[in-house]
Amino acid sequence: MSEKAAARKQGRNNGAVVLMCLSFVFGMGAMSYAAVPLYRIFCQVTGYNGTTQRVEQMSSIVLDRKMRVTFDANVAPGLQWNFKPVEREVSPKIGETIQVNFVAENRSNETQRGQAVFNVTPGEAGAYFNKVQCFCFTETDLKPGEKLEMPVVFYIDPEIVKAVESKDIHTVTLSYTFYPKEGPKPVASNEGGTVKIEKKL
């Protein structure tokens, strides 16, 4: 084989290696970009890592056993809000649909937008903590000095007493953290957070 032919062959081999490397890099980038939403979907479906479940209907079964539910409220840097639960804890029957309320107040001199993220501890209880309504499903806009009472309607799935990993759980903690969200200035406050619902449904 001549030197020119060998050089051309070597060049093609180098080009193939470069193309493979670029394909790998782009593939890994695409996978990492998709990993966060896929992980979020996985958590929502399975309750993994304490992610609660969103449901459209209430439980038809109520057990004669109570579950202590405590609440934790936090605000991330970037939001000048006060945020706390109205009640620190409740003890509904398992399967009983109940409403609790949280209060957020904007202490800044400008309108701020926040989004609440949540989880349940212990993590094994996440798959059985069902939310019918929650302010965390949407973003919340607060005007300067505005205070808003926001409901959460939930129940504990009676199946929690059957699973080996969760049957001995007697206390769960629902934790929220509000993070700042960028976006256009709102025309009105979050109307969804002011819906009135009976204390127990």
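Buried here means under 20% relative accessible area, while exposed means over 50% and partly exposed lies in between (1.4 Å probe, protein chains only). Keep in mind that this is a predicted model, where local features need pLDDT of at least 70, side-chain atom pairs count only at pLDDT 80 or more, and totals for chains, interfaces and linings use all residues. Residues are numbered from 1 along each chain as its sequence is written, and side-chain values use heavy atoms, with hydrogens and water left out.

Now, who is C136 attached to? C136 forms a disulfide with C134, with 2.3 Å between the sulfur atoms; a disulfide is a pair of cysteine sulfur atoms within 2.5 Å. C134 is buried too, at 6% relative accessibility. The torsion about their S-S bond is about 130°, so this disulfide is right-handed. Searching the whole structure turns up 1 disulfide.

On to the sheet. Strands are DSSP runs (E, at least two residues), numbered from the N terminus, and two of them pair if DSSP finds at least two bridges between them. Here 5 strands make an open sheet in the order β4-β2-β10-β6-β8, with mixed pairing. β4 (89–90) and β8 (140–142) sit at the edges with a single partner strand each, so one side of each has no neighbour in the sheet.

Follow β6 (residues 112–121) next: this strand runs antiparallel to β10 (residues 171–180) over 8 bridges. Along that pairing, F118 stands opposite Y176, and N119 has S175 as its bridge partner. β6 also pairs with β8, again antiparallel, over 3 bridges, and there Q112 faces L142.

Technical notes: Helices (H or I, at least four residues) and strands (E, at least two) are DSSP runs, numbered from the N terminus.
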